[in-house]
Amino acid sequence: MEIPVFTVDAFTNIPFKGNPAAVCLLLHELQDDMYQNIAAEMNLSETAFIIPLNSKDDFSSGARFSLRWFTPTTEVPLCGHATLASAAVLFNKKKNVNSTVVFETLSGELYVRQQGESIVMDFPLNKPTPLQGLNEFKDIVKAAVGDQPVQEVCLCGTTKMLMVRLADSCDRSVLTSLQPDPAVLLRVDTGGRVRCLLVTVIGDPGCQPGYDFYSRNFFPWFGVPEDPVTGSAHTVLAGYWSEKLGKKKMLAYQCSSRGGELELELKDDGRLNIAGQAVTVLQGILTV
């Protein structure tokens with residue numbers, strides 16, 4: 001079997017920046033172990049698999065697709081950068097004729113459209129809940145940020161993402177200097193309530209391009225020590241920072257070594273638009 005495969009750098013317009021995802025174009029479902037084996041072979045934070053839902057459609061004409069995401073070790077319920085990468089393949093490489101495509105996923109229907117040079121994704125919004133005390137999570141917070149001052153810790157039960165906000169006395173350089181040990185994070189007992197760790201700090205809108213907040217995101221529970229740029233994490237971060245900043249439109253930057261930029265807009269229907277650019281760096285055939 002020959003499967004068309006692309007490597008796409010998402011949330012950037014510069015090759016080798018942003019977050020790389022593999023995108024596989026399928027005409028029919030595979031066995032689950034085959035999805036996982038392919039994702040392990042690609043060895044990127046996510047591999048996406050797209051299938052047209054109407055058997056009469058192809059990747060250029062179809063408007064509705066099945067979409068699944070796998071890390072090298074497991075399937076995940078939501079992934080922003082691999083959704084962006086999938087849409088980029090359809091719009092830019094397959095010249096899909098539709099202005100909007102719909103992906104049916106484990107997180108429901110995701111509507112994705114082109115807007116100039118960017119791709120806009122309609123995602124759920126997952127607001128986190130502030131924690132009154134740190135006793136339950138003090139060990140994981142310590143493993144994440146060491147002795148750096150912490151302003152607030154929040155938990156999103158829906159996504160199992162723990163968000164640690166550094167004090168406003170910390171700047172971007174403090175965030176980028178953190179070096180949490182994935183093995184230590186995995187050893188901390190959180191009762192299964194944490195599967196992702198987000199560390200964030202307020203931005204500096206006075207400096208161009210004026211980022212509202214910065215973040216770094218760690219996913220060792222899914223086999224990804226640090227994710228370069230994470231759309232799904234921003235469904236949590238956007239809900240938090242929108243309330244703190246009093247803004248519905250924000251510009252965010254994820255401070256991994258590769259780095260990536262996300263445009264965020266909270267919608268009146270309670271969902272979130274996440275916009276970004278993408279660049280394809282590899283195209284080939286996977287033979288299995």
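Biologist: How many of the 14 residues of helix 2 are buried?

Modeller: Helix 2 is largely enclosed by the rest of the structure. Helices (H or I, at least four residues) and strands (E, at least two) are DSSP runs numbered from the N terminus; buried means under 20% relative accessible area, exposed over 50%, and partly exposed in between, with a 1.4 Å probe and protein chains only. The buried residues include H81, L84, V89 and F91. Of the 14 residues in helix 2, the number buried is twelve.

Biologist: What pLDDT do local features need?

Modeller: Residues are numbered from 1 along each chain as its sequence is written, and side-chain values use heavy atoms, with hydrogens and water left out. This is a predicted model, in which totals for chains, interfaces and linings use all residues, side-chain atom pairs count only at pLDDT 80 or more, and local features need pLDDT of at least 70.

Biologist: How far apart are the end C-alpha atoms of helix 2?

Modeller: The expected span is 1.5 Å times one less than the number of residues. Helix 2 covers residues 80-93, so its 14 residues should span 20 Å. The end C-alpha atoms agree with that, being apart by 19 Å.

Biologist: Which residue with a positive phi follows helix 2?

Modeller: The phi in question is near 50°. The residue that follows helix 2 with this value is K95.

Biologist: F11 and F16 are both in the loop between strand 1 and strand 2. What is the relative accessible area of F16?

Modeller: F11 has a positive phi near 65°, and F16 has a positive phi near 70°. F11 is buried, with a relative accessible area of 2%. F16 counts as exposed, because its relative accessibility is 63%.

Biologist: Which residues form a nonpolar patch with F16?

Modeller: Patches take residues with over 30% relative accessible area and no salt bridge; like charges are joined within 9 Å, and nonpolar side chains (Val, Leu, Ile, Met, Phe, Trp, Tyr) within 5 Å. The patch has about 300 Å² of accessible area together, by the Shrake-Rupley method with a 1.4 Å probe, where for residues only the protein chains shown count as cover.

Biologist: How many residues apart in sequence are the parts tied together by the pair of F49 and F70?

Modeller: Rings of Phe, Tyr and Trp (its six-membered ring) pair if their centres lie within 6.5 Å; planes under 30 degrees apart are stacked, over 60 edge-to-face, and the rest tilted. The count of aromatic pairs is nine. F49 and F70 are edge-to-face, at 5.8 Å centre to centre and 85° between the planes. F49 is in strand 3 (residues 46-52) and F70 in strand 4 (residues 64-70), so the parts tied together are apart in sequence by 21 residues.

Biologist: Which residue has its charged end over the ring of Y35?

Modeller: Y35 forms one aromatic cluster with F49 and F70. A charge sits over a ring if NZ of Lys or CZ of Arg is within 6 Å of the ring centre and within 35 degrees of the ring normal. At 4.6 Å from the centre of the Y35 ring sits the charged end of R68.

Biologist: How many residues apart are R271 and D122, which meet in a salt bridge?

Modeller: A salt bridge is a side-chain nitrogen of Lys or Arg within 4 Å of a carboxyl oxygen of Asp or Glu, and the count here is 16. R271 and D122 meet at 2.6 Å, N to O. R271 is in strand 17 (residues 271-276) and D122 in strand 8 (residues 118-124), a separation of 149 residues.
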